[in-house]
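Subject: Structure handover

Hello,

Here is the structure I said I would pass on.

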Amino acid sequence: MTDAAAQGAHRARYRRILSFAGREFLKIWWFELVLPRFGMSGIAERTRGQRMQHFARRFHVLAVDLGGLMIKVGQFMSSRLDVLPPEITKELEGLQDEVPAVPTPEIRALAEAELGIPLERAYAWFDETPVAAASLGQVHRARLSALDAADTGLEEVVVKVQRPGIGDIVAVDLAALRRVARWLTRVRIVADRVDAPALVEEFATTSLEEIDYLHEAANAERFRENFADDPRIDTPEIVWERSTRRVLTLSDVTAIKINDTHALRAAGIDPAEVAAVFAEVMFDQVFTHRFVHADPHPGNIFVTPVPSTSSGTQAGSGAQAGSGTQDGSGAQAGSGTQAGAGTQGRFRLTFIDFGMMAEVPDSLRDGLRTLLIAVAGRDSRGLVAAAQEIGVLLPSADTAELERALTALFARFGGMGFAELSTVDPREFRDFAEEFGDMVRSLPLQLPENMLLLIRAVSLTSGMCSGLDPAFNVWDAAEPYAGRLLRDESGNLVQEFAGQAMDTMTTTWRLPGRIDRIITRIDDGNVSFDTSRLERRLDRLEGIARRIASGVLFAAMLIGGALLVPSLPPLGITLICVSVLPLLHSLFAGVRRRSR
């Protein structure tokens, strides 16, 4: 294709994306804003399901035809099983498997240009038929040469090759998304709550990183190190000698696609257990490692059977090669270490495609910890405080009514899983929305930096878990983790209290010596005066300081003991009993001094 033809194709692509977005904006504006103002909201409600289905079909056609970032948008929507209606998710779920493959000669030409040698020299064997085609790259199976196999300890690999011209396509898609974001700034209900241009820029940064395979390889190495000692997790190994910015060679780790429930059951694996472990692993990524896989769609996660300690089943029995599309490699069943006992003793989760990762800074992690503890405890006030700490809810917001709404929400729907929520009378949701909808829409909400990818990860996780287990209850997954976080917070509080008490006591016990040195200097000076009154006052000050130190020590030991009783009863009870000693000193030391 000539440069002029390529530029023409890019302009046509740009106009097509904007045209689609403009038509959909007009439809939403007409049915959801205009008709209700004229008392015709019933028309909007009756036609909403059909309109959503038609929208999903039109976007499906657009995404498959254009590819690029449009596939990423469709994958995101198809995984929102917990929020979006089935008319949309069912129609778009095929986007995981419908990306057309690039002709092999084009892939071969790009790979040879990147590696600098013919594929016959780079690999002992290269499969001309792609095992997977994705929005940004294409995957082929291969076998390393004898020399590379001896150096790496690997033989069977997959080669991920970037789609030719994808850099220009990503640039066009981002330009169109920037234009749509500017449109959204003119919609007050959106502009008051979300900085759409900033979100697009964050998405642009992520997309450009995702088409840099050396960046993805570094992410994969970091993720692998984070879970090196965790038998629940496996990742492919990188063959650095055969990897560049546009070609990535990894160990073949293909196994059962995580949403293939039939293959999971055939391998003796309960999909509900997979959902529970998957949720735990995502919590660990957010709160423990602070490095989160932000694209955990079904094509990027395999379930690998492992040997059973009781039956001796071989790793990989019943595992089928993942047939879905993914932006990365697959994983060969049984290629990793044996997992531990329990549910993890029969399978592990194999993550691939690390081009889209989310960093969780300290400030955001602390806010998320507070949020999780508040949600698990059905604490509406704590939830509002966490939203303010994270930055989603501005401090200027009037939160009294929001706390009342959250209290009502927890009272009615708290603890329900997705399956239970689907059985609730829709009129209850409508009544709740009518009572609190205006209040929620009036809140000054915003989406701070670093949240876009994290929200994507959480959305995909919740959708995946509910798809694996219709009875999946997010409360059940959150509460044990929130309990551990709460115990950690309690331990930190005890340590902080103890540290402050020790600092106070150290200063107090040093005070008499410092006072004595000051008086000695005065006595040795040329000026002589009566210091008896000063000495009495300093003596009284010293006594007060000692009593204050005893009071602080009493409070620290009492609170620390109370916090430790649930987890370490002997230590907690001992601290509570011993706290009586500084309490007695604080109460009666002054009485003895006054009696002199």
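In which kind of crossing, left-handed or right-handed, does α13 pass α19? The crossing is left-handed, a term used if the near helix is turned anticlockwise from the far one by less than a right angle, with clockwise counting as right-handed.

Some ground rules. The model is predicted, so local features need pLDDT of at least 70 and side-chain atom pairs count only at pLDDT 80 or more, while totals for chains, interfaces and linings use all residues. Residues are numbered from 1 along each chain as its sequence is written, and side-chain values use heavy atoms, with hydrogens and water left out. Helices are DSSP runs (H or I, at least four residues), numbered from the N terminus.

**α13 and α19**

Helix α13 covers residues 271-289 and helix α19 residues 452-468; their axes come within 8 Å and cross at roughly 165°. Axes are lines fitted to C-alpha atoms over the stretch in contact, and angles run from 0 to 180 degrees between N-to-C directions. The pair is therefore roughly antiparallel (over 145 degrees; under 35 is roughly parallel). The contact has 13 nonpolar residues, 1 polar and no charged. Here Ala, Val, Leu, Ile, Met, Phe, Trp, Tyr, Cys and Pro count as nonpolar, Asp, Glu, Lys and Arg as charged, and the others as polar.

**The second largest pocket**

This pocket (an open set of points on a 1 Å grid where a 1.4 Å probe fits, with protein on both sides within 12 Å along at least five of seven lines) has a volume of about 670 Å³, taken as the space filled by probe spheres set on the points. It is lined by 30 residues (an atom within 4 Å of a point), and the closest to its centre are His10, Arg13, Pro164, Gly165 and Ile169. The lining divides into 16 nonpolar, 7 polar and 7 charged residues. Helix α1 gives the largest share, 8 residues, and α1 (3-37), α2 (41-66) and α8 (166-184) each supply at least two.

**The helices of the lining**

The axes of α1 and α2 come within 10 Å and cross at roughly 170°, so these helices are roughly antiparallel. Between α1 and α8 the angle is about 30° and the axes are 9 Å apart, which makes them roughly parallel. The crossing of α1 with α8 is right-handed. His10 and Arg13 of α1 and Ile169 of α8 are among the residues that meet there.

Regards

Notes. Parallel < 35°, antiparallel > 145°, perpendicular 65-115°, else oblique. Contact = heavy atoms within 4.5 Å.
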